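Hello,

Here is the structure I promised to pass on to you. Have a look at it first, and then read on for what turned up in it.

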Amino acid sequence: MVLLELRNIEKHFGGVTALRSGNLAVAAGEVHLLLGENGAGKSTLMKIVAGIVQRDGGQMLWNGQEVFLRTPAEAAAIGIAMVNQESLLAPHMTVAENIFLGREERSPLGWVNRRAITEKARRLIEQYQFPLDAEWRVDKLSPAGRQMVEICRAIQHGSSLLIFDEPTSSLSDTETQQVFRIVRDLKARQMGIIYITHRMDELRAIGDRVTVLRDGGTVHTGNLADIPTDQLIRHMVGREVAQIYEREHLQPGAAALEVRGVSVVKSKLKDISLTLRKGEITGMAGLIGAGRTELCRAIFGIDRIDAGEVLVHGEAMKIRTPRDAVKAGIALVTEDRQISGLALRLPIGANVTMANTERISRFGFLDLAAQNRLSAELGQKMRLKAASPAQLAGTLSGGNQQKVVIAKWLFREAGIFLFDEPTRGIDIGAKAEVFELMSELARAGAAILMVSSELPELMHVADRILVMRQGRISGELARGCTQEQIMKLAVMEAAA
Amino acid sequence: MKLKAGMLQRLLPFLSLIILFVALSIASPYFLTANNLTSVARQTAVFNTMALGMTIVIISGGIDLSVGSILGLSGLVGTMALEAGYPIVVGVLAGIVIGMLCGFLNGLLVTRLRIPPFVVTLGTLGIYRGLALIFSNGLPVHKIPAAFSFLGEGNLLGIPFVAWMLVICAVLVHVVLEHTRLGRYAFAIGSNKIASIYAGIPVDFHITAVYAIGGALTGLAGMIEASRLMTGQPTAGQGYELQAIAAVVIGGGSLNGGEGSVVGTLIGAFIMGLLSNGADLLNISNYWQQVIIGSVIILAVTLDEVRKRRAV
C-alpha cells in the first residue's frame, strides 16, 4: 500500500531552484533511502513532506488523496513526523514530558497529570525497548537518546510515516545499531520510513528501496538490491561541469604550511598530516561531519590542538588564537560568512580593512580616505558589485559578500588561505569569479586549502585532493581522479 | 522617493528635538530664557556625559547597568579626597580614575568570566553601591571647598562650564569612535564578535578598554553631580543607568551592537532633558513625566526598527 507519493515537486527560494522535479513513493512497512549530494534537494523535499516549507508546484498524495500541508502541525495531524538532525526538544523537561509536550492529559481542573503521562511513556518505552527512562531529563541524554525521544513522540502521536534526516551522522557505532534496531522494529509494525543518509556503508544494513536526487530532481528510484553502490554514487554525482572551472596548473613551490600528526580531542581529529605548498591549491573532500571544518579551525587557532604541530614556512608555530594565525599570515574564509566572516552592519570599507587596520593608520588615527581608496581599488580588481566602500556589507549579494571576505585577507596580504566551502550559497557566475581569484592567488605564490563538498568543483580547481573521513585523512588523489574514487574514500572503510 | 523617506526617518530624532524645542518655546514663555536654557544645560550635563560613555559600550555590543553606582562611588571618593584637603583638580581626577577602574573591572569580568555583560554589571551595580555606602558609612560628604561648585555651576565666557566640558567630551568620543582603531574595533566587535576574533583583533583587550572609557566618563559625571549638589552622596545616581541607556537608544544606538553615534546620543539625551524641563514648566506632574519619557523610548526605537527593516 502506497502511503506517500510525491509527483514532480518544485520549490524555489528567491531566484534559486531547490527542487525542479522531486518524485518519491513510499509504502507502509518499507525503509526508503533518500540519497544525494549536499544541496541536491533532499532536505527541502522532506521539509515539504513535513509541512515545514510549502511546495511551489507538483503533487503530494497521502493515502491516495492530494494534500497541501501548511504547518508541521498539519503534517503531524495526518500522521507524518520528522526526526531532526538538531533536536527540537525542551531540554529541561523529562523524557515523558517531552513525549507528551502539547498533548498533555489534563485533569478536570486543568492540571497536567504528571503521573499519568510518566506511566504511559514508560509503557511505550518498554514496548519498543528504547534505552530510555521516562523520568530522565532530556538535556542529560546523548544525541542518540534525544532522537529516540523524538521517535517515541512520533509513535505516541500515531504517526504512520517517519522521516529520518541523517540520524546517525553524530552517533557512535553502538548507538547507530540501536537506531537501526528501532527502525527495523517500526518497519515490522507497518510504518513507512524515509531515511536520508550520506553514509554509503550503512545503506544495505537498513534500506529496502532507494531514491536518488540530483540538482533538485529524482534521477533514480528502485529496489536497493538491484543496484550496486558504485552505480548509486554515479547517480549522485554524475553531472556535467562547465568549462569555466578550468585553470592552469603550476609547479608547486616550497612548503608554506605543514601540519604534522595533529589531533584534536574535542572535534575528533586524529593524527592529521598535510602540507600546503606555495602556488598550489590543495582540495579537501569528505562528508559533512568528516572533520574538514574542524581541521581549519584547529589550524587557525580556534580549537586547541592536543597533539602534533603546525609549521609555517618551515618554522614550528604555536598558534593558540586566531590572532596568532593572522599574524603568521594565515587566512580563514569560513563556510558561513554571515556568522563568522562579515560585520554585516558595517560598511564594505570597514570590513575590508578589519584584519589590517595598521595599513590605514597614521599617527594612531585611521586614514579614512586611504581606507576608501584602497577598498575601492581592491573591489574594482575583484569586480565587486557595490555602489561605494560606504555601502553596508549586509546589503550585498552572497557572491559579493564572499568577495569582501576574500578582499579582507588580500588587504592583510596573507600567504596561506584556508577556504571552507568558498562557493556555498553563491550563484554560478560568482563561483567562477571566486575560482579565478583563487587561481590568481596561487599564481602569486599563495598556498591554498580548498574545502568543498562540490566534487566537480574540487576536481577542476584543485591540484590534488585530500579526502577526510571520520576525523582522519583517508587518502590523497592526484588530479584527474574520478568522483567515484573520491566518494569511495569519503564513505567506505579503508581497504584492509 | 524611497531614499528620501529613509533620509527623513534617519533625521527623525533631530527633527523631533527641533519640534520639541519650538513647541516648548510656544507653550511656555519662560522656556526660551537664558536662565532656563542654562539650567537645562546644567541639568542634562550629568546624564549626557554618562550617555557618551554608554554609547561606546553599547556600540561594542555590551551594556553597563552599573553606571549609576559608579557615579555614586566616584563622586563620593572624589569629594572624600577634597575633604581630606587635596586640590580640586586632584579630587576630580580621583573621581574619574575611580570610575575608570570600576569600568575596567566590569570589562575584565565580562571578558574573563565570559558572562553576559547584562549579568556582570547587574552584579557590580550592587557591589559598587555597597562599596560607596561602606566607605562613607552611609553618610554624605559635606566639607567641600566652595570653589568646587565651579565645575557644575560656574560659567566660562557666559556659558555654563559643564557645557564646555560636554562639548570637549563629545568631540573626543566622536574622534575615538570614528577615527581611531579602538573605535573601529568597537564597531566591529559589536557588529560581529566572531568575525572580529577571526580577523585577529584583540577583542578582549578592546572590550575591556571600552568599559574603562565608559567608566571614566561616568566618573566625571559623578564629580559634576557632586559639584552641583555640593555633597558627596553615596546614594547618588540611582536609576541613572536607564537614562543613559535610553539616550543612546533614542539616538539610534542598537542594543545588538554595531550601531550608534555621539550626535545621536546627544540628541537622545537632549530630547529627554527637554521633555523633563518642559513638563516642569508646564506643571505636568513628575508621575506623568515618567510615562511620557517611557513612551518616547518605545516610539523612538520602533521608528528606528522600521527604518532598518526597510533598509536591509
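Strand 6 of chain A pairs in the parallel sense with strand 7 (residues 161-165) of chain A, over four bridges. Within that pairing, A:Ala81 has A:Leu162 of strand 7 as its bridge partner. Please keep in mind throughout that this is a predicted model.

Next comes an open sheet in chain A. It has six strands in the order 16-19-20-13-21-22, with mixed pairing. Strand 16 (330-333) and strand 22 (472-478) of chain A are the edge strands, each pairing on one side only. On average, and ignoring direction, neighbouring strands of this sheet are turned by 20 degrees against each other.

At one end of that order, strand 21 (residues 464-469) of chain A runs antiparallel to strand 22 of chain A, and six bridges join them. One of the residues involved is A:Met468, whose bridge partner in strand 22 of chain A is A:Ile473. Helix 17 (residues 483-491) of chain A packs on the sheet, where it touches strand 13, strand 21 and strand 22 of chain A. The direction of helix 17 makes about 30 degrees with that of strand 21 of chain A. Helix 9 (residues 292-299) of chain A lies across strand 13 (281-286), strand 16, strand 19 (416-420), strand 20 (447-451) and strand 21 of chain A. Helix 9 runs at about 150 degrees to strand 19 of chain A.

Is A:Leu141 buried or exposed? A:Leu141 sits in the loop between helix 4 (114-128) and helix 5 (143-156) of chain A. It counts as buried because it has 21 C-beta neighbours inside 10 Å, and 20 or more are enough for that. Setting aside neighbours within four places in sequence, A:Leu141 is in contact with A:Trp136, A:Arg146 and A:Val149. Its C-alpha atom is separated by 28 Å from that of A:Met468, which is 327 residues away along the chain.

Now to chain B. Its secondary structure comes to 14 helices and two strands. The C-alpha trace of chain B spans about 60 × 55 × 35 Å along its principal axes. Buried residues make up 50% of chain B.

Helix 3 (residues 34-59) and helix 8 (residues 161-179) of chain B pack with their axes 9 Å apart, at an angle of about 10 degrees. The two helices are therefore roughly parallel to each other. Among the residues making this contact are B:Ala45 and B:Leu52 of helix 3 and B:Leu166 and B:Val173 of helix 8 of chain B. By class, the contact has twelve nonpolar, three polar and one charged residues.

Finally, where do the two chains meet? Their contact takes 25 residues from chain A and 18 residues from chain B. On the side of chain A that touches chain B, the largest share, four residues, comes from helix 10 of chain A. The residues of that side divide into 13 nonpolar, eight polar and four charged.

Best wishes

Key: Residues are numbered from 1 along each chain as its sequence is written. Chains are lettered from A and ligands numbered from 1 in the order in which they are written. This is a predicted model: local features need pLDDT of at least 70, side-chain atom pairs count only at pLDDT 80 or more; totals for chains, interfaces and linings use all residues. Two residues are in contact if their C-beta atoms, placed from the backbone, lie within 7 Å. Ala, Val, Leu, Ile, Met, Phe, Trp, Tyr, Cys and Pro count as nonpolar, Asp, Glu, Lys and Arg as charged, and the others, Gly among them, as polar. Two strands pair if DSSP finds at least two bridges between them. Axes are lines fitted to C-alpha atoms, for helices over the stretch in contact, and angles run from 0 to 180 degrees between N-to-C directions. A residue is buried if 20 or more other C-beta atoms lie within 10 Å of its own, exposed if 12 or fewer, and partly exposed in between; C-beta atoms are placed from the backbone. Angles under 35 degrees count as roughly parallel, over 145 as roughly antiparallel, 65 to 115 as roughly perpendicular and the rest as oblique.
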